[in-house]
Amino acid sequence: MIIKIRQSNTRRLSKKRLLYGTAALLIALCIGTWLSLFLPFPELDAFMQRDWSTRVHDRSGNLIQILALEDGIRREFTAYESMPPDAVRIFLAAEDKDFFSHRGIDVAAIARAAYQNISSGKRVSGASTVTMQLARLVVPAKRRTFFAKLREARNALRIERRLSKQAILELYLNSLPFGFQTEGLTSAARNFFALPLSELTAEQLCCLAVIPRRPAGYNPLEHPEACAEKAAALYRSVFMQESEGQDGQQDTPLTNRLLQATRTARRFEYPFGMPHYIEYLVRRYKAGDFHRQPEVPQGGTQPHPEDSPKITQDSSSPQMTSQTQTAHRSVSASPASTSPEAVPRTLPPDWYLTADSALSAQAELLLRAQLKSNPQARVHNGAVLVIENATGNILAWIGSNSYFDDESNGKIDGVTALNQSGSSSKPFLYALALEQGWKPSDVLPDIPIRFGKEEAYIPRNFNNRFNGPVRLRIALASSLNIPAVYLLNELGIETYLRTLEELGFQSIGTDGADVKLSLALGSVPVSLYELVRAFSVFPRDGVLLPLRSFTDGSTADGFSAPRQAFSADTARLICSILSDSAARAKGFGFSSPLNTPFPSIFKTGTANQFQSLIALASSSAFTVGIWMGNFAGNTVIGKTGSSAPASIARNLLVRLHSQPFADGLTVPAKNFAEPEHWRRESVCALSGMPAGHACHNTVQEYLPSAFTAFNEHNRYNGQRGYGSFGTSNRLNALNRHGTHKRENGEYEQAGNTYQQAGGECSWHQIQNGHLVTVYPEEYRRWFANITRHGTIGQPSNALTVIRPADGSRFVSNARYQGTGVPIEITGGAEDTVYISYDGRAPITLNRPFSGSLPLEKGEHRLIVRCGDEEVSVVFTVE
């Protein structure tokens with residue numbers, strides 16, 4: 001008996017211990033669960049920072065694209081307050097009708113589900129709340145077990161502690177899986193009914209609400225009857241009273257209504273406009289390269305520097321667009337989701353671009369038509385970029401002939417791809433020359449010139465002709481190569497590279513110095529984007545603007561603040577030159593695709609070996625850039641090609657000024673502004689000097705106001721004085737016509753500057769009653785090449801050995817065997833020179849000083865004497 005009592009007491013003690021242990025364990029679990037609610041929830045933070053399928057709209061609100069995520073899923077975002085009330089009501093009725101009355105776990109639903117499942121002997125009902133379903137999406141379970149359910153419930157409590165009911169429901173409805181690579185209510189409406197969420201009927205919403213339960217079985221596109229039957233029961237529970245349901249019997253009219261709704265289902269064809277542009281924006285956005293730019297004045301096409309917007313931007317914290325911040329406000333509750341590092345990497349729900357989809361489509365058609373019209377030219381691709389000058393808004397961006405043309409590498413973006421610019425970059429060089437004191441009337445040499453010493457560079461024009469002395473205006477407008485190289489040699493490569501850097505040519509880097517003087521002819525690869533942005537400074541009075549992509553002022557450009565690249569007068573002079581059809585006649589003739597019915601400027605370019613054809617064009621309001629070529633580098637056959645892209649640019653400019661935009665307004669073309677500190681004066685068409693009484697061929701040209709005033713004084717004093725190549729003091733360009741003041745574009749006289757530069761034309765003289773044209777001595781070889789009218793004047797410059805240049809090297813080969821080392825000497829006060837070659841007996845040459853020396857290997861010294869002048873050079877033959 002005693003043993004039995006002891007065993008009974010032991011069992012009671014064990015039960016108590018088990019009971020206490022269980023209670024302690026439950027208490028510990030409760031405390032642990034409660035404490036875990038306050039721990040960080042990185043999975044939720046990461047879930048809320050997922051990309052949405054960004055809807056991309058053009059400036060008129062037209063849908064251009066809906067971006068697919070990396071795994072092909074479409075997941076669009078709609079803010080809770082923008083969702084139709086019926087949609088919220090129906091989905092809550094389907095999933096969690098007591099959502100707003102529980103704290104993540106519905107105890108009553110759990111008890112009800114347990115009773116129903118036990119009674120039926122199988123699982124017929126679940127008790128997962130909306131928050132628990134969201135927790136399952138945030139932290140997916142590998143297997144559906146009891147412990148996974150407990151973890152799901154705990155995570156639901158953690159979500160409820162962090163987010164409001166509205167935010168939870170918003171996140172859930174935008175993330176709910178519907179199968180078929182579709183997530184979220186908005187994408188489901190589009191995928192299954194090809195409609196925006198706001199346009200769905202209550203019946204269609206009920207059909208959507210049943211799909212997540214069994215996507216393969218309730219897909220209205222494939223199983224309309226099954227979907228309609230299930231949706232009818234849901235519709236009845238939401239919108240009809242019990243008395244209308246006839247004790248659960250089938251309501252045939254209601255089922256038919258739902259069946260009719262399922263038959264309106266159709267697949268959505270996703271638009272795919274401007275793919276290269278959108279890919280560019282996604283890359284820049286994810287890299288954090290977005291800047292917010294305030295609105296710039298609308299309607300003006302030539303903003304002055306003082307009117308340019310002043311922008312400040314914290315470079316360490318790139319901002320999202322305001323439209324993005326609005327869309328994210330209700331799902332960005334956690335601090336991690338608003339960190340500066342995270343924000344730019346998460347794509348926003350919507351982008352509203354400044355681009356015009358109708359204009360882009362027309363530009364693409366023009367490009368394709370031009371490519372098809374010349375199949376024999378072997379040009380397979382092209383790109384188009386159109387911007388608005390006053391704002392920098394990007395209006396059209398076509399990256400290739402066809403994005404899906406894999407044979408021609410159509411997925412490469414021709415707007416951002418690097419290609420040689422050819423002559424299209426010459427305006428920037430000539431603008432620098434104007435900034436440094438050159439004038440449009442100054443004469444440049446278009447004659448055979450050898451640049452360099454050890455590595456000789458002898459440029460040629462595209463037509464292999466030499467035009468002799470040409471005015472700067474004609475040299476630029478007709479795109480002559482030799483004057484451009486001569487100008488770069490005078491200005492300096494480093495100076496020009498700094499100018500290109502100020503214009504935003506970030507792609508050049510150190511390559512510009514490597515190509516040396518060929519930089520004048522655009523031999524360094526740059527992008528069409530950079531060319532268009534830089535070219536637009538000319539109709540904008542020299543102001544460089546970042547190109548804007550978004551209607552709220554955001555830009556994906558490399559900088560955010562406008563800056564003054566050139567003075568307003570320099571920009572206006574370039575516009576005057578490039579819009580001058582008479583000045584471009586020497587290079588392109590009078591019948592040209594560059595002519596428009598309104599003032600416009602054009603510059604075309606052809607890269608070396610005709611691999612890249614470029615045309616840049618601007619009116620007062622718009623700038624267009626066209627690239628044509630082959631991404632594989634194949635050369636174009638039989639054409640320089642400038643007319644092909646130029647015709648596209650012209651047609652687009654005409655369209656921009658003749659057809660209204662979506663707002664119904666047509667943008668008129670205005671005249672380019674006149675330079676403020678320059679006056680039109682009569683100058684000699686040949687020498688560019690102020691016209692004299694012997695000049696029968698004169699033109700009106702801009703001269704600085706101070707220069708013209710001083711020239712009026714010189715006319716009465718008989719002063720003249722133009723130097724080498726017909727220009728004033730060519731080796732000291734800063735003193736051509738006074739000091740240029742960059743701040744206000746004015747010129748001021750300093751010392752005896754104008755005494756060097758003033759005076760009438762000295763090239764045309766009356767000798768013995770006859771008009772005689774007297775060319776400077778530097779043009780002697782060009783003058784003697786063919787029969788010309790006129791004569792060569794007395795040398796006015798110092799004795800100079802043109803060839804062989806000091807330090808040059810010659811390679812003994814068949815090219816020089818018959819001719820030897822060429823000699824060319826200019827200048828000097830007398831008509832005879834004496835040449836000492838390696839200490840041998842002097843050689844005598846009469847003007848013109850040209851000849852040759854024997855081709856002998858080794859280092860050689862040449863001493864040239866002319867009157868009191870002596871020059872020596874050293875060269876090598878290898």
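Reader: Before anything else, what does "buried" mean here?
Author: A residue is buried if its relative accessible area is under 20%. This is a predicted model, and of the 878 residues of the protein chain, 54% count as buried.

Reader: OK. How many helices and strands does the chain have?
Author: The protein chain has 27 helices and 34 strands.

Reader: And what share of the contacts comes from residues 24 or more positions apart?
Author: They account for 69%, counting contacts in the protein chain with a separation of 6 or more.

Reader: Let's talk helix packing. At what angle do α15 and α18 cross?
Author: Roughly 110°, with the axes of α15 (residues 426–435) and α18 (residues 493–502) coming within 10 Å. An angle from 65 to 115 degrees counts as roughly perpendicular, so α15 is roughly perpendicular to α18.

Reader: Is that crossing left-handed or right-handed?
Author: The crossing of α15 and α18 is right-handed.

Reader: Which residues make the contact?
Author: From α15 you have Phe428, Leu429 and Leu432, and from α18 Thr495, Tyr496, Thr499 and Leu500. By type, the contact of α15 with α18 has five nonpolar residues, two polar and no charged.

Reader: What happens just after α15?
Author: Gly437 takes a positive phi there, of about 115°.

Reader: Switching to rings. How many aromatic pairs are there?
Author: The count comes to 29 aromatic pairs. One of them is Phe180 with Phe192: the ring centres are 5.9 Å apart and the planes are at 85°.

Reader: Why is that pair called edge-to-face?
Author: Planes over 60 degrees apart count as edge-to-face, and the planes of Phe180 and Phe192 are at 85°, so the pair is edge-to-face.

Reader: Where do those two sit?
Author: Phe180 is in the loop between β4 (177–179) and β5 (182–183), while Phe192 is in helix α8 (residues 185–193), so the pair ties together parts twelve residues apart in sequence. Phe180 is partly exposed, with a relative accessible area of 41%, whereas Phe192 is buried at 2%.

Reader: And how are the rings of Phe272 and Phe404 arranged?
Author: Phe272 and Phe404 form a tilted pair, 5.5 Å centre to centre with 35° between the planes. Phe272 lies in the loop between α11 (252–262) and α12 (275–286), and Phe404 in the loop between β9 (394–398) and β10 (418–420), so this pair ties together parts 132 residues apart in sequence.

Reader: Is Phe404 buried or exposed?
Author: Phe404 counts as exposed, at 58% relative accessibility.

Reader: Last one: which rings are linked with Phe428 into a cluster?
Author: Ring pairs link Phe428 with Phe505, Phe535, Phe538 and Phe566. Phe428 is also one of the α15 residues in the contact with α18.

Technical notes
Residues numbered from 1 in each chain as written. Predicted model: local features only at pLDDT ≥ 70, side-chain atom pairs only at ≥ 80, totals over all residues. Heavy atoms only, no water. Axes fitted to C-alpha atoms, helices over the stretch in contact; angles between N-to-C directions. Helix = DSSP H or I, 4+ residues; strand = E, 2+ residues; numbered from the N terminus. Parallel < 35°, antiparallel > 145°, perpendicular 65-115°, else oblique. Left-handed = near helix turned anticlockwise from the far one by under 90°. Contact = heavy atoms within 4.5 Å. Nonpolar A, V, L, I, M, F, W, Y, C, P; charged D, E, K, R; others polar. Phe/Tyr/Trp six-rings, centres within 6.5 Å; stacked < 30°, edge-to-face > 60°. Buried < 20%, exposed > 50% of the residue type's maximum accessible area, 1.4 Å probe, protein only.
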